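Subject: Handing over the structure

Dear colleague,

Here is the structure I promised to pass on to you. Please open it beside this email, and I will then go through what was found in it.

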Amino acid sequence: VQLQASGGGLVQAGESLTLSCVVSGRNFDSCALGWFRQAPGKEREFIATIGWRSGNTLTEDFALGRFGIYRDKTKSTVYLQIDSLTPEDTAVYYCAVDEDYDRNYAWARRAPDFDIWGQGTQVTVSS
């Protein structure tokens, strides 16, 4: 199983960015895909997750209104759109797979509950 995240870069405050995560190596219908971020010196922070088959989503409270997760099964890609970026959004953004989503019938929100991780993509927001 592989996850390849991309789309990060250096952006100005107020701009928008869409991150992509291409997934491969298994059938993901029983899985959920999630996005996390980790700023220097901070713990990895959950942002949002999406059921691969259903498209249902769960977004962390701080991310509501500015972050949107969605997927395109035809492109095997999960996306994270971020609007109105601020310097506080500067972090490495990771996508990850929760392989137990269907089995647990519950959303995972903690990093240890996600089984496979992509390599991360750096987002830097200048003021």
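In which loop is Tyr-105 found? Before the reply, please keep in mind that this is a predicted model. Tyr-105 sits in the loop between α1 (101-104) and β10 (116-117), and with a relative accessibility of 78% it counts as exposed. Ser-84 is located in the loop between β8 (77-82) and β9 (91-98), and because its relative accessibility is 40%, it counts as partly exposed.

Strand β4 deserves a paragraph of its own. Six of the seven residues of β4 (residues 32-38) are buried, so this strand is largely enclosed by the rest of the structure. On one hand, β4 pairs with strand β5 (residues 45-51) in the antiparallel sense over six bridges, and here Leu-33 stands opposite Ile-50 in β5. These two strands form a hairpin with six residues between them, and Gly-41 in the turn has a positive phi of about 80°. On the other hand, β4 is also joined to β9 by seven bridges, and these two strands run antiparallel; Gly-34 has Ala-96 in β9 as its bridge partner.

What does the interior look like? The largest nonpolar core has 30 residues, and those with the most contacts inside it are Leu-33, Trp-35, Leu-80 and Tyr-93. Two or more residues are given to this core by each of β1 (2-6), β3 (17-24), β4, β5, β7 (67-72), β8, β9 and β11 (121-126). Another core, of five residues, lies apart from it and includes Phe-36, Ala-96, Ala-108 and Phe-114.

Two of those residues return among the aromatic pairs, of which the structure holds nine. The ring centres of Phe-36 and Phe-114 are 5.0 Å apart and the ring planes stand at 85°, so this pair is edge-to-face. Because Phe-36 lies in strand β4 and Phe-114 in the loop between α1 and β10, the pair ties together parts that are 78 residues apart in sequence. Phe-36 is buried, with a relative accessible area of 1%, and Phe-114, at 4% relative accessibility, counts as buried as well. Ring pairs also link Phe-36, Phe-46, Tyr-94, Phe-114 and Trp-117 into a cluster.

How many disulfides does a search of the whole structure find? It finds one, which joins Cys-21 to Cys-95 with an S to S distance of 2.0 Å. Since Cys-21 lies in strand β3 and Cys-95 in strand β9, the pair ties together parts that are 74 residues apart in sequence. The torsion about the S-S bond of Cys-21 and Cys-95 is about 65°, so the disulfide is right-handed. Both Cys-21 and Cys-95 are buried.

Cys-31 has a relative accessibility of 0%, so it counts as buried.

Thr-59 lies in strand β6 (residues 57-59), and it counts as buried because its relative accessibility is 18%, the cut-off for buried being under 20%. Leaving aside residues up to four places away in sequence, Thr-59 touches Ile-47, Ala-48, Leu-64 and Phe-67.

With best wishes

Conventions:
Residues numbered from 1 in each chain as written. Predicted model: local features only at pLDDT ≥ 70, side-chain atom pairs only at ≥ 80, totals over all residues. Heavy atoms only, no water. Helix = DSSP H or I, 4+ residues; strand = E, 2+ residues; numbered from the N terminus. Buried < 20%, exposed > 50% of the residue type's maximum accessible area, 1.4 Å probe, protein only. Pairing = 2+ DSSP bridges. Core = buried A, V, L, I, M, F, W, Y, C linked by side-chain atoms within 4.5 Å. Disulfide = S-S within 2.5 Å. Contact = heavy atoms within 4.5 Å. Phe/Tyr/Trp six-rings, centres within 6.5 Å; stacked < 30°, edge-to-face > 60°.
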